[in-house]
Amino acid sequence: VAYPIGGPDGKQYAVIQLHYNNPEEIAGIVDSSGLTFAYLETPREFDAGILTLGHSITSRMVIPPNDANYTISAFCSAGCTEEYLPPDGIKIFANLLHTHLAGTGLTLSVIRENDNGEYQEIRPVDRNLQYDFNFQQTNHLMEEITVLPGDILLLRCYYNTR
């Protein structure tokens, strides 16, 4: 698995975003982390990608003050996955839940229509009801989750503004 880059129709660049954390603002700290970036001429069997799911930030997304448990839901609809996913679907192998300081929890689920025409959650992708903005991390799943065309991805974000 690799992220495709280059080629006549592909991206000709990669963007890396790093965040450093020094809340006590201690002087003289030197970063000794590293990154290995390998470019291979031979394409891998499977391409990886990034799917961002969330609520558009507009004047309509207002989290009220003094609310201990406010929920905002965002989704990638069945029509969206039918239009944009390949016929065999995609496999989720990792995810990163993210919100800002008022965020207290998030859940991400895959919902599928069953044989009776009812929608049901087939499997949660991730659930963090003790979210801490200072401890965000990518979660590598123990088992890949397949999302098929026609499935719904549902993200719920919980906020506390008290």
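These questions and answers concern one predicted model.

In this predicted model, local features need pLDDT of at least 70 and side-chain atom pairs pLDDT 80 or more, while totals for chains, interfaces and linings use all residues. Residues are numbered from 1 along each chain as its sequence is written, and side-chain values use heavy atoms, leaving out hydrogens and water.

Reader: Is D151 buried or exposed?
Author: D151 sits in the loop between strand 5 (139-147) and strand 6 (152-159), strands being DSSP runs of E of at least two residues, numbered from the N terminus. Buried means under 20% relative accessible area, exposed over 50% and partly exposed in between, with a 1.4 Å probe and protein chains only. Because its relative accessible area is 2%, D151 is buried.

Reader: Which side chain is joined to that of D151 by a polar contact of 2.7 Å?
Author: A polar contact is a pair of N or O atoms within 3.5 Å; within protein, one must be able to donate a hydrogen and the other to accept it, and residues adjacent in sequence count only if both atoms are side-chain atoms. A polar atom of the D151 side chain also lies 2.8 Å from the backbone nitrogen of L148. The side chain joined to D151 at 2.7 Å is that of R112.

Reader: How many disulfides does the count come to?
Author: A disulfide is a pair of cysteine sulfur atoms within 2.5 Å. The count comes to zero disulfides. For C157, which is in none, the nearest cysteine sulfur, that of C76, is 15 Å away. C157 is buried at 10% relative accessibility, and the disulfide count is zero.

Technical notes:
Helix = DSSP H or I, 4+ residues; strand = E, 2+ residues; numbered from the N terminus.
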